[in-house]
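Here is my note on the model you sent.

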Amino acid sequence: MLFLKSFILQLRFFVLATSVLVWHFSSATAHANGYERVNLKGLNNDTRNLTSFDAMRTSMYKNKREMRRAWSAAVVYVPTANGRTVKTHVRSIMRPGAAPIPGRYPLVVYLHGCDGLGIYSLQNIGHFVRQGYAVIAPASFARKNYPISCDPKTNEGGMFNDTVKMRVADAEYTLTQAKALPWVDSSNVFLAGYSEGATTPAQVRTNSKTRVNARVIIANTCTNRWPAQKYKNGVKAHKSEPVLALLGSRDPWFVNNKWAKGDCGASLSKTYGSKNVDYTSGAIANSHALLDFRQARRTIFQFLAANRH
């Protein structure tokens, strides 16, 4: 009897020890092949020390190391076929030994607002993901040298006029790199930006390698005329790239801003299906956060669907 009890205890110990070893091995494998969680620290106004205006140099704007920093820290969301959404950074999916992402997905390159990548950015990204789009959001704040561009508390923008040049450079670099990823359907790539980030879809000039299906400008007027601003009015999209521009007619960022009044309508070529939408009634007319409204999301997703190949 004692022998039997001793045997049972030893057997239980063996099973427990084996289970622990299996769990440890499985966890280590998952850690080795898994992706890091999204970490927004250092990627917005509130969590990093920004570069002084005097320390900024024009040589920094298209510096490859700086663009690689924005690309490496970019937030990535992928709605994989197994029903789980990959949520991580480019550096994680690109590291040696990282698990491959199965399938191929249409891609939205999303450009964050003037205060960087924050919780609201992830909320906006989620809207696209739920429609089946993968999203890559370059993190311009990950640059070693990056100045403050706005104060959301006072709706003051355009603090550093050349910020747009860095945003455009980061978008162009991201398009080049993203189209080469095996899980990106390179025949269905879109460029979308919110607020200051929407200046980028307006200003990027694509070539045969970086051409996109369409562009979406969310909450921007395409009429920035800040003093010394070298990026003037208009939209620089290739004629084959339709543009959708959405704006609340009483958007608090623009309604009293003499430097950025108007809308994108006059800058769009209607020949290729571009469209300007000004919301003039209801709560959306007074809002900057247009993606909070179902009617704006519906218009965007219908536009994207109409321009998929």
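1. Overall make-up. The secondary structure of the protein comes to seven helices and eight strands. Keep in mind that this is a predicted model.

2. Burial and surface. Of the 309 residues in the protein, 51% are buried. The accessible surface is about 15,500 Å². Carbon and sulfur atoms hold 55% of that surface.

3. Contacts. Take the contacts in the protein with a separation of 6 or more. Residues 24 or more positions apart account for 76% of them.

4. Strand 7. Is this strand, residues 243–248, buried or exposed? Six of its six residues are buried, with buried meaning under 20% relative accessible area. Strand 7 is therefore largely enclosed by the rest of the structure.

5. Its two faces. Both sides of strand 7 are covered. Val243, Ala245 and Leu247 lie on one side, and these residues are buried.

6. Pairing with strand 6. Strand 6 covers residues 214–218 and runs parallel to strand 7. Four bridges join strand 6 to strand 7. Within this pairing, Ile217 stands opposite Ala245 of strand 7.

7. Pairing with strand 8. Which residues make up strand 8, and how many bridges join strand 7 to it? Strand 8 is residues 275–279, and five bridges make the link. These two strands also run parallel.

Terms used: Residues numbered from 1 in each chain as written. Predicted model: local features only at pLDDT ≥ 70, side-chain atom pairs only at ≥ 80, totals over all residues. Heavy atoms only, no water. Buried < 20%, exposed > 50% of the residue type's maximum accessible area, 1.4 Å probe, protein only. Pairing = 2+ DSSP bridges. Contact = heavy atoms within 4.5 Å. Areas by Shrake-Rupley, 256 points an atom, 1.4 Å probe, with all protein chains shown as cover.
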